[in-house]
Amino acid sequence: MFSVTIAQVVVGFFALDRLQLEASAAARAAGIALAVVGVGLILAQLAVRKLGWTPQRLIRAGCALSALGFASLLLASTPWALWAGYFVGAAGMGWVFPSVMALAANAVGPHEQGATAGTVAAAHGLGMILGPLVGTLVYDLHPGAPYLLVAVLLVLVALWPARAPVSALEVGRVG
């Protein structure tokens, strides 16, 4: 969510500053970019059903794909490049969002489902608060800096080592 809100907040500024569009054209380019995000999310989530991958694999692949989309914006110089980068970024996030929820739900027992869902929702909320703040601060460094930050963070998540599953015998053990 942190990544998504950064992208949502800076797209209009990016269209003005990097693409050198007039205000009305920048607003139109930003609006189309955000609409393309919706299309990318829907198509990616439809593909999830056909892929049959585990949530862990979808998170890794989705973060990598999304990082590629956001990193491509460092080279964007036209509205079409902006839209393509946002589409690819959103497609990756379309694999990440449902997989995070599935992974969280599968990691706990039935009596912990509510607390787990609340924790994931709180993390999303925190991302919605911090993303715009960090995104606009980093944007002051360079118009491409927020996209670079997002790409690097997503690559780090994609490469994060998987935790070994806990066996039923280990659950009861203490220290």
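**Helices, patch and core**

Biologist: Which helix gives the largest share of the nonpolar patch?

Modeller: Helices here are DSSP runs (H or I, at least four residues; strands are E, at least two), numbered from the N terminus. Four residues of the patch, its largest share, come from residues 23–51, helix α2.

Biologist: What pLDDT do local features need in this predicted model?

Modeller: Residues are numbered from 1 along each chain as its sequence is written, and side-chain values use heavy atoms, with hydrogens and water left out. This is a predicted model: totals for chains, interfaces and linings use all residues, side-chain atom pairs count only at pLDDT 80 or more, and local features need pLDDT of at least 70.

Biologist: How much accessible area does the surface patch have together?

Modeller: A patch takes residues with over 30% relative accessible area and no salt bridge, joining like charges within 9 Å and nonpolar side chains (Val, Leu, Ile, Met, Phe, Trp, Tyr) within 5 Å. A salt bridge puts a side-chain nitrogen of Lys or Arg within 4 Å of a carboxyl oxygen of Asp or Glu. Accessible areas come from the Shrake-Rupley method with a 1.4 Å probe; for residues, only the protein chains shown count as cover. V39, I42, L43, L46 and F87 together have about 450 Å².

Biologist: Is I42 buried or exposed?

Modeller: I42 sits in helix α2 and belongs to the nonpolar patch. Buried means under 20% relative accessible area, exposed over 50%, partly exposed in between (1.4 Å probe, protein chains only). Because its relative accessible area is 54%, I42 is exposed.

Biologist: Which residues does L41 touch, not counting residues up to four places away in sequence?

Modeller: L41 also lies in helix α2, but at 23% relative accessible area it is partly exposed. Its C-alpha is 8.1 Å from that of W95, 54 residues apart along the chain. Contact means heavy atoms within 4.5 Å. By that rule L41 touches A90, M93, G94 and F97.

Biologist: Which residues is Y86 in contact with, leaving aside neighbours within four places in sequence?

Modeller: Y86 is among the core residues with the most contacts. Its partners are A7, V11, A33, V37, L73 and Y147.

Biologist: What covers the buried residues of α6?

Modeller: Helix α6 (residues 145–159) has 15 residues and reaches 21 Å from its first C-alpha to its last, close to the expected 21 Å. That expected span is 1.5 Å times one less than its number of residues. Its buried residues are A145, P146, Y147, V150, A151, L154 and A158. Their cover includes α1 (2–17), α3 (55–72), α4 (79–106) and α5 (113–139).

Biologist: How far apart are the C-alpha atoms of V152 and L68?

Modeller: V152 is in helix α6 and, at 43% relative accessibility, counts as partly exposed. L68 is 84 residues away along the chain, yet the C-alpha separation is 9.7 Å.

Biologist: What is the relative accessible area of S66?

Modeller: S66 is in helix α3. Leaving aside neighbours within four places in sequence, S66 contacts V88, G89, G92, M93 and L154. S66 is buried, with a value of 0%.

Biologist: What phi does Q20 have?

Modeller: Q20 lies in the loop between α1 and α2 and counts as exposed, at 61% relative accessibility. Its C-alpha is 9.1 Å from that of T78. Q20 is not a glycine, yet its phi is positive, about 60°.

Definitions and conventions: Core = buried A, V, L, I, M, F, W, Y, C linked by side-chain atoms within 4.5 Å.
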